[in-house]
Amino acid sequence: MVAKTKEITVKKSAIFPWQAAYSSVNQPVEYFKHTIEALSDKSIRITPHSQLEALRLLAAYAYYRNEEGRYEHIKYENDWTESQFATALIDFVQKYDPDNVNISDEKKSAVYIYRNEEDNAFKHTIELFNDGSVQVTPENSLAILLLCIEHWNERSNEASFKRDKTWKPEQLGAKFIDQLNKSKNKASWNWWLSLSTDLKYLLIYNVHEHLARYASDEDKQELLDIYRNSKRLDDVYGLCQFASTDYIFELKKLNIMHPISYEEYMEKVPFNNNIDLAPLATLKKLKSVFINADILACTKIPKGLDKLERLTEITISTLSSKTDFNYTITQEELDEGIKTLFEIANSLAKLNVIELSRSPWGVYLYGNLIVRRELRNLANVKYI
């Protein structure tokens with residue numbers, strides 16, 4: 001009887017590098033993508049997403065010491081083809097370690113020897129075939145894993161990955177996978193993906209002035225492109241990832257109003273009176289919400305305000321001094337809004353200001369002294 005071969009399965013995995021762990025949208029980390037897998041046979045499998053990305057990662061960390069003892073690094077351009085990268089790497093080895101270069105009728109090849117901080121040597125074979133195809137083959141999974149770890153420690157804004165020299169390769173790989181998967185920024189991005197499109201546009205608008213002030217011209221253009229193409233909202237390599245991890249979680253005040261700077265783009269995304277703000281409870285620094293009732297033709301108070309436990313101030317008003325509005329609101333909508341305001345005031349212990357003076361509900365309360373007094377007396381809430 002022939003023994004059954006035990007199937008090898010993936011126990012856990014991660015994509016390297018995780019874009020949201022990097023501090024700059026200009027850093028092309030997608031150029032180095034690999035999948036790292038811990039397998040059931042206790043081995044580690046690392047697969048580049050293309051030979052081009054394997055070449056880029058190797059080129060980023062290839063170096064030799066020259067005769068004067070200085071480190072020499074390979075010079076390359078990010079938009080090179082596989083053939084250009086392979087040629088440059090082989091020529092680099094030819095210059096400093098010619099014994100490790102081989103030229104035949106079928107291909108040119110070189111073995112680059114990478115040395116880590118313990119001066120352990122790991123071989124990477126680069127083969128450039130006559131038809132222009134390329135193959136990069138690391139000596140083993142540890143050879144490529146150490147390059148990934150060096151990249152992470154050098155460029156990520158997360159905590160450095162500290163490894164124990166006694167760990168076996170499979171332990172090292174498994175723990176590095178855990179590090180990638182527990183990234184605090186990955187959690188932030190997953191939260192962003194869970195939001196409604198309305199909330200995403202609202203949040204991007206709230207950080208656009210900051211981004212426009214500090215971003216490059218290229219990033220400003222990308223910000224505008226987001227308003228034209230909703231698919232850009234979930235682009236992990238785009239500006240929304242950058243904004244969601246670096247700026248949105250720092251928001252202290254949320255403005256719900258028709259934008260000025262990007263008005264022509266946002267016309268395609270009208271305010272949704274049924275928007276639910278409850279997911280914004282994740283924003284721990286958010287203390288104030290301003291709703292421009294007139295321009296937004298706001299007939300409902302947004303849902304979820306009562307879930308934002310850290311709010312100290314809610315303003316539902318206009319930017320002008322007028323008290324007549326360009327839209328109509330029914331008595332039923334007024335009553336529903338007042339009911340919602342009481343629920344908010346009862347729910348938010350830190351809330352001490354509700355500003356309604358230039359809103360349909362403010363006008364309504366102005367003529368209903370008893371209701372206004374009841375709302376004002378709730379906790380420390382003031383009606384201004």
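**Entry 1: the hairpin loop**

I looked up Lys-42 and found it in the loop between strand 2 and strand 3. I am working on a predicted model, and I keep that in mind throughout.

Is Lys-42 buried or exposed? I get a relative accessible area of 64%, so Lys-42 is exposed.

I then checked its backbone. Lys-42 is not a glycine, yet its phi is positive, about 70°. I note the background: most residues other than glycine have a negative phi. The hairpin of strand 2 and strand 3 has four residues between the strands, and Lys-42 takes its positive phi there.

**Entry 2: the sheet around the hairpin**

Strand 2 covers residues 34-39 and runs antiparallel to strand 3. How many bridges join strand 2 to strand 3? I count five.

I picked out two positions. Thr-35 has Thr-47 in strand 3 as its bridge partner. Glu-37 stands opposite Arg-45, also in strand 3.

Three strands make an open sheet, in the order 1-2-3, with antiparallel pairing. Strand 1 (10-16) and strand 3 (44-48) each have a single partner strand, so they stand at the edges and one side of each has no neighbour in the sheet. From one strand to the next, the twist averages 20°.

Which helix packs on this sheet? I find helix 4, residues 169-181. Helix 4 touches strand 1, strand 2 and strand 3. The direction of helix 4 makes about 60° with that of strand 1.

**Entry 3: salt bridges**

I listed the charge pairs. The count comes to seven salt bridges.

I went back to Glu-37 and Arg-45. These two face each other across the strands, and their side chains also meet in a salt bridge, at 2.7 Å from N to O. Their accessibilities fall in separate classes. Glu-37 is at 14% relative accessibility and counts as buried. Arg-45 is at 38% and counts as partly exposed.

I then looked at Lys-108 and Asp-91. Their side chains form a salt bridge at 4.0 Å, N to O. Lys-108 lies in strand 7 (residues 107-115) and Asp-91 in helix 2 (residues 82-96), so this pair ties together parts 17 residues apart in sequence. Lys-108 counts as partly exposed at 28% relative accessibility. Asp-91 is partly exposed too, at 41%.

I noted one further pair. Lys-307 forms a salt bridge with Asp-306, and the closest N and O atoms are 4.0 Å apart. Asp-306 has a relative accessible area of 24%, which makes it partly exposed.

**Entry 4: a buried arginine without a partner**

I turned to Arg-56. This residue sits in helix 1, residues 51-61. What is the nearest side chain of opposite charge to Arg-56, and how far away is it? I find Glu-53, at 5.9 Å. The cut-off for a salt bridge is 4 Å. Arg-56 is buried yet has no salt bridge.

I checked what Arg-56 touches instead, leaving out residues up to four places away in sequence. The contacts are Tyr-31, Phe-32, Tyr-76, Asn-78, Asp-79, Trp-80 and Phe-85.

**Entry 5: aromatic rings**

Two of those contacts, Tyr-76 and Phe-85, sent me to the ring pairs. The count comes to 12 aromatic pairs. Why is the pair of Tyr-76 and Phe-85 described as tilted? The planes of their rings stand at 50°, so the pair is tilted; the centres are 5.3 Å apart.

Phe-85 has a relative accessible area of 0% and is buried. Tyr-76 is at 24% and counts as partly exposed.

I also found a cluster. Ring pairs link Phe-16, Trp-152, Phe-161, Trp-167 and Phe-176.

**Entry 6: the whole chain**

The protein chain holds 12 helices and 14 strands. Of its 384 residues, 46% are buried. Among contacts with a separation of 6 or more, 66% come from residues 24 or more positions apart.

Methods
Residues numbered from 1 in each chain as written. Predicted model: local features only at pLDDT ≥ 70, side-chain atom pairs only at ≥ 80, totals over all residues. Heavy atoms only, no water. Buried < 20%, exposed > 50% of the residue type's maximum accessible area, 1.4 Å probe, protein only. Lys, Arg positive; Asp, Glu negative; His and termini not counted. Contact = heavy atoms within 4.5 Å. Pairing = 2+ DSSP bridges. Axes fitted to C-alpha atoms, helices over the stretch in contact; angles between N-to-C directions. Phe/Tyr/Trp six-rings, centres within 6.5 Å; stacked < 30°, edge-to-face > 60°.
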